[in-house]
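I opened a new notebook page for this one. Below is the model I had on screen while writing.

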Amino acid sequence: MGKVGILTEKPSAARNFAAALGGMSGTFDGTEYVIVNARGHLLELKDPAAMVPPSLSEQYKSWNLQHLPWNAGDFRWEREVRRKVSGGKLVTDPDAKSLLAELKATLSTCETVCNAADLDPTGEGSLLGWEIVEYLGLEGKKLERMEFLDETPASLRKAFTTRRAVTSIESEGDYRKADFRSKWDMLSMQFTRAATKVSGSSTVVRNGRLKSAMVVIVGDGLDAHKGYVKKAFYENRFRDENNVTYTDPDIDRFENKSAVPGGLESSPVVHDGTTRKKTGPPKLMDLAGLSSLLSKKGFEAKKVLETYQRMYEAQVVSYPRTEDKFISIEQFNELLPLVDKIATVVGVNPAALSHRGPRKSHIKSGGAHGANRPGPNVPPNLAAVEQKFGALGKEIYELLAKNYLTMLAPDYEYDQHRGHVEKYPNFVGSLNVPAVLGWKGVFVVEDDEDEQDDAASGATALGTIAKPFIHEGFPTRPPHPTMGWLMKQLEKRSVGTGATRTSTYAEVTNNATGKALMREQRGKITLSPVGELNHRILPGTHIGDLTITEKVFEQMAQVEAGTSAAPDFLALVAPLVRHDLEKMKANASRLPAELKERMAKAGVTRAPVENITLPPALHFTHGDTVVTTAKRGFGGHRFTDVEVAALVEGEVIEITATSTKTGKPYTCKGKLEAGVMEKNGKAYPFVGFKPQFEERAPRTDLVSGVWKGKNVSFKGRGWGANEHWSGKDFTEQELVKLLAGETIEFQAKGKSGKPYTAKGALAAKTFNGQKVFGFTLKFEDRKAPTGTRKRKIGK
């Protein structure tokens, strides 16, 4: 058998394969192999305009609403080397291009190419590997797929020996699934264009299946929290001497305290019995739950993902992008011998972990990577984790390990005491008294605390006499949205994996480019101005409803199974866009005036551009374009009706504009003139106001030369010249010294006419935002005479 080229997803995976098989190349189990790696997705779909016929390119480039929705059948669906932003421009990533060339050189020498990218629920790993094989033109070789649950040596060796043959890339269901999803998400760019244009936003209003749903959920949650009205209700209750409350679940409530019926009297308490109850440990944690807890400590979701990935590559924690909520018996048995060591690292007494057998609630067959948990490489202590992965890494390991260890502790047990009021038996109460701490002695998430536990009260039994009282209560206020709250809403709908939810959350809260839809502060979420605008135009849209993601996941499953074809589902995006565009327009037309004003002040929206309709004599034809309007303004000045009338007659007018550089007003004359602006290699013809400035006479008092390696100009009549001072004309010798960086002295007169010795040198300074050069006085230990302060000179 010929050589097998093993294509892994990233360098760390290649290193783990090398450790398992005996090197980056060699022979294992009688088969020659060589290991190569990608670095995540090296390829991406081209821009929409680059994947359609040339005659449609401009239409797909345009953000004008008249060009929506797109026709999915117009696309050739081609990939290119991924791009990155460099110098403010989007350019081909040179590292990705170079790596692809290296991969082709190595894999071309192999008889078989084996896709050994990660096995994940969305099929992303399969797509990542096969798109490289396609792009490099290696489909004609023998193809294989290697599948593994984790990157331990045993798993990787087993995966190598059980490689399966692949008849064609298109025959791979998980590839088809992931390919379809990437195309659907590219088509979802239309929702972003629609929202941006409809809202009049000056910032791109990002939308997508999960982004938009997050905005709607958080926005609605904020509205409910802010709109809460604290309105009291009143009802009869009883309380005994141990502070246990007795309530009648069917009792009437009243808006006024005075309306509550009286006549109740104290009564003995009847003890109805005591029952021992148990609760099992919490479920294993996913990345969304982990990140939610860490957000309360000020750690951003993006940093959690980055740090967790590094820890996974070192096998300190398990695979990140899992959707499993449980682990397999094999995964349980793998960590079982390491439990005491893990417990010691995080300060848990191993003796507390007496339940060393598998729990049915946590261990099942049929999973893939298993839930998030500690990895097989156990660190010596938390200090070592912090040294290698920072404070965040320490927090991740401690939370993840303690959560995992709860599974090995006994159940939490408590005694529930039940009773009722003898004279009024409908009033019942209970008291929960902890009996066996169990897993709660290992780790308790604050949100998971059992609200029925009454240990804090100190009571161990019901009281003997219950007294009536009028209880004042309030409806529960809807919670302020937090990351944890949002993740629970998404989890209820089974939307994506914990890692997907976390990565999308990291994206919508990342304000590096000023486009964040949400803001987070120690876990609490608010909408950014652009997010608030988006929330107000999304009601009733498909893209703002989680149902769309559920449908896409259903379609992905059908594409994977081969029961439906991707083009059929992609064609369904157009009617979704058409529907949402009309909804967004209607919602935008109903935006409250105060919201529009607030958005404008925040710089999110621009005032509509006013235009002047030009007479035929001023029309400008450039190629196939005819310009028939001009902007009604220049430099912050809006032309009056009288000025417009003069401009369309071709006359010169005088206006006061504002400088974009200094923000200062200036007066200029001008008229309407035609021109062509070049931007990104494209010509944009226009008609607009062109200011006319009088030519200034050249300066005759400037001296030029080289100072500290720079070409500079400064006044030869160098210093102190104004209506009060006699001024100074530098001699040739003084000019030479100044340009050489030396300090000179000369006799000068101050504003009062008193003589003094001036001493100074040439220096650079900033004036009105521009760097200038000029002579600068040097003061020694004395107060400068009146009129000898530093002054800007030169140009």
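My entries follow, grouped by region.

**Ground rules**

I'm working from a predicted model, where local features need pLDDT of at least 70, side-chain atom pairs count only at pLDDT 80 or more, and totals for chains, interfaces and linings use all residues. Residues are numbered from 1 along each chain as its sequence is written, and side-chain values use heavy atoms, with hydrogens and water left out.

**Entry 1: the six-stranded sheet**

I began with an open sheet of 6 strands, in the order E2-E3-E1-E8-E9-E10 and with mixed pairing. Strands (E, at least two residues) and helices (H or I, at least four) are DSSP runs, numbered from the N terminus. Two strands pair if DSSP finds at least two bridges between them. At the edges I found E2 (25-28) and E10 (164-166); each has a single partner strand, so one side of each lacks a neighbour in the sheet. On average, neighbouring strands here are turned by 35° against each other, direction ignored.

I then followed E2 to its partner E3 (residues 31-37): the two run antiparallel and are joined by 4 bridges. Phe 28 has Thr 31 as its bridge partner in E3.

Helix H3 (residues 94-107) lies across E1 (4-8), E3 and E8 (112-115), and runs at about 175° to E3. For such angles, axes are lines fitted to C-alpha atoms, for helices over the stretch in contact, and the angles run from 0 to 180 degrees between N-to-C directions.

**Entry 2: two helix pairs**

How far apart are the axes of H1 and H5? I noted 9 Å for H1 (residues 11-21) and H5 (residues 153-161), with a packing angle of about 80°. That makes H1 roughly perpendicular to H5. The classes are: under 35 degrees roughly parallel, over 145 roughly antiparallel, 65 to 115 roughly perpendicular, and the rest oblique.

H1 brings Asn 16, Phe 17, Ala 20 and Leu 21 to the contact, and H5 brings Pro 153, Leu 156, Arg 157 and Phe 160. Contact means heavy atoms within 4.5 Å. By class, that contact of H1 with H5 has 6 nonpolar residues, 1 polar and 1 charged. Here Ala, Val, Leu, Ile, Met, Phe, Trp, Tyr, Cys and Pro count as nonpolar, Asp, Glu, Lys and Arg as charged, and the others, Gly among them, as polar.

The second pair is H9 (residues 287-295) and H15 (residues 498-508), whose axes come within 7 Å and cross at roughly 45°. H9 and H15 are therefore oblique to each other. Leu 287, Ala 288 and Ser 291 of H9 meet Gly 498, Ala 499, Arg 501 and Thr 502 of H15. The contact of H9 with H15 divides into 3 nonpolar, 3 polar and 1 charged.

**Entry 3: nonpolar cores**

Which members of the largest nonpolar core touch the most others? In this core of 65 residues, I listed Phe 75, Phe 180, Trp 184, Leu 187, Met 214, Leu 486 and Met 518. Helix H8 (residues 209-226) gives the most to this core, 8 residues. A nonpolar core is a set of buried Ala, Val, Leu, Ile, Met, Phe, Trp, Tyr and Cys residues joined through side-chain atoms within 4.5 Å. Buried means under 20% relative accessible area, exposed over 50%, and partly exposed in between (1.4 Å probe, protein chains only).

Leaving out residues up to four places away in sequence, Trp 184 touches several others, including Phe 191, Arg 209, Ile 543 and Leu 576. Another core, of 48 residues, lies apart from the largest one, and Leu 293, Val 316, Leu 353 and Phe 443 are among its members.

E24 (residues 665-679) pairs with E25 over 11 bridges, and Lys 679 has Lys 682 as its bridge partner in E25.

**Entry 4: two single residues**

Is Glu 734 buried or exposed? Its relative accessibility is 12%, so Glu 734 counts as buried; its place is in helix H22 (residues 732-739).

Ser 704, in strand E26 (residues 702-707), is exposed, with a relative accessible area of 56%. Ser 704 and Phe 773 are 69 residues apart in sequence and 11 Å apart in space, C-alpha to C-alpha.
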